[in-house]
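Work through the exercises below with the sequence and the model at hand. Each task is followed by a solution in steps.

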Amino acid sequence: MAEKTRTPIGKIVAASLIGTTIEWYDFFLYGSAAALVFPAIFFPASDPLTGTLLAFLTYAVGFVARPLGALVFGHYGDRLGRKRLLVVSLLMMGGATFLIGCLPTHAAVGALAPLLLTLLRLVQGFALGGEWGGAVLIVSEHGDAQRRGFWASWPQSGAPGGNLLATAVLAVLAAVQSADAFQSWGWRVPFLLSGVLVLVGLWIRLSISESPVFQQAVANAEPATSMPIVEVFRHHWRDVLTAIGARFAENVSYYVLTAFVLVYATTAAKLGKPLVLNAVLIGSAVHFFSIPLWGALSDRLGRRPVYLLGAAGVGLWAFAFFPLIDTRNFAAVTLAVTVGLVMHGAMYGPQAAFFSELFATRMRYSGVSIGAQLASIVAGGLAPLIAVALLQAYKSSFPIMLYVAGAAVLTLITVFVSRETRGRDLATLRDAEGTPTSTTR
């Protein structure tokens, strides 16, 4: 039955990639706006760095909501299937982003403006918390074990794809508008554009089939637990810790490289916004194509070696990243961002297959989602906030270098003590009541 309704892997990858690109466009658009626009229009009474800190605080709220989204979407995704939940997450994310573009400013309604902004950011985070796990699973569970790293890495490219799209739109608007026009109304355009993008993503996602691995589990009458998350922590708690630790450096480094860099370059290095946006644009384009290459390499060498290389790479590159930004040279700034993102891709590329291979089918959505999103609170969610606070306190980038390097050490230790997962059969993977699946040595 599963084979008759199976969608070709190429179409599955395309649907997943387009959907995740749109969702990450929505999410990263907020991060860029938090660095460039929101401090002035939602927190105008604050000095520039404090206003930025407050804007990034609302940015971090989205990360706090992601584990809740992971919990709810994972629960129903393990019981009802992957496809339905992916449609819901896309609609929620797109709707929240569109409404941000309609928000009144602080000048119009006072304190109500940042409150509404925070509420919509919570909806964004909730939706993204459920999106990531479903998107990578529907590809992982359609593809074969020999090429799972490659196929499953394509939804991961949705992150730089979304960032690329968001940065490109902002860069175009910054180039064709005056600073006053952009701050007055131009910033709303990319948020409103999300409504059109969501309709495209929805049409594509509705055309694909459910995961054959999930269909097989249902056909074989594998029981759906009443609370999948409880079973995850009962049988896979070590795997959840593995996912959290592995994600730490990946999450911290990415938001320093793509969100905080906008703050650092425009305040500490005194660079113009268009220059920094163009550097991130180029870096994101290279990042987009490097992720599947790293995923494919993990099919040949294993998930662990590639992941370890990426963690070590971002930890070391942090000490070159900020000095290159300080040169105020476009080529150097672009090199700083691009190399950092390529090193990040060595973690992000194998991550989808790696995490998918940790958990049993009827609790996989919950396990993958909660493991990834718990890390997002203390890693990616706080990274721009911590980086801005360190810059404000020490007037130096060196503490931020140590912060990124420390995150890399944590990930290196986690992945080093885990076991290789490459080649596992997702259809036969069981929990502790069947075949043990823990990957801790």
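The model is predicted.

**Exercise 1.** Determine which helices supply at least two residues each to the lining of the second largest cavity, and describe that lining.

Solution. 
- Step 1. Helix H1 (9-36), H13 and helix H16 (330-356) each supply at least two lining residues.
- Step 2. H13 has the largest share, with 5 residues.
- Step 3. The lining is made up of Trp24, Phe28, Ala159, Arg247, Glu250, Asn251, Tyr254, Tyr255, His344 and Tyr348.
- Step 4. By class, 6 of the lining residues are nonpolar, 2 are polar and 2 are charged.
- Step 5. The space in this second largest cavity is about 60 Å³.

**Exercise 2.** Find how many cavities of 30 Å³ or more the whole structure holds, and describe the lining of the largest cavity.

Solution. 
- Step 1. The search returns 3 cavities of 30 Å³ or more.
- Step 2. The largest cavity has a volume of about 90 Å³.
- Step 3. Its lining consists of Ser253, Val256, Leu257, Val314, Trp317, Ala318, Phe321, Phe322, Gly340 and Val404.
- Step 4. Two elements give two or more residues to this lining, helix H13 (237-267) and helix H15 (303-326).
- Step 5. H15 gives the most, with 5 residues.
- Step 6. The lining of the largest cavity has 8 nonpolar residues, 2 polar and no charged.

**Exercise 3.** State which residues have the most contacts inside the largest nonpolar core, and list the contacts of Phe260 beyond its neighbours within four places in sequence.

Solution. 
- Step 1. The largest nonpolar core has 124 residues, and Phe38, Phe260, Ile325 and Phe355 have the most contacts inside it.
- Step 2. H13 provides the largest share of this core, 17 residues.
- Step 3. With neighbours within four places in sequence left aside, Phe260 is in contact with Tyr255, Phe322, Pro384, Ala387, Val388, Leu391 and Ile400.

**Exercise 4.** Arg328 has a positive phi, and Lys395 has a positive phi. Locate Arg328 and Lys395, and decide whether Arg328 is buried, partly exposed or exposed, then do likewise for Lys395.

Solution. 
- Step 1. Phi of Arg328 is near 65°, and Arg328 sits in the loop between H15 and H16.
- Step 2. Arg328 has 46% relative accessibility, so Arg328 counts as partly exposed.
- Step 3. Phi of Lys395 is near 55°, and Lys395 sits in the loop between helix H18 (383-394) and helix H19 (398-416).
- Step 4. Lys395 has 64% relative accessibility, so Lys395 counts as exposed; the cut-off for exposed is over 50%.

Conventions: Residues numbered from 1 in each chain as written. Predicted model: local features only at pLDDT ≥ 70, side-chain atom pairs only at ≥ 80, totals over all residues. Heavy atoms only, no water. 1 Å grid on protein atoms, 1.4 Å probe; cavity = no way out; pocket = protein on both sides within 12 Å on 5 of 7 lines; lining within 4 Å. Points joined across faces, edges and corners; volume = space filled by probe spheres on them. Helix = DSSP H or I, 4+ residues; strand = E, 2+ residues; numbered from the N terminus. Nonpolar A, V, L, I, M, F, W, Y, C, P; charged D, E, K, R; others polar. Core = buried A, V, L, I, M, F, W, Y, C linked by side-chain atoms within 4.5 Å. Buried < 20%, exposed > 50% of the residue type's maximum accessible area, 1.4 Å probe, protein only. Contact = heavy atoms within 4.5 Å.
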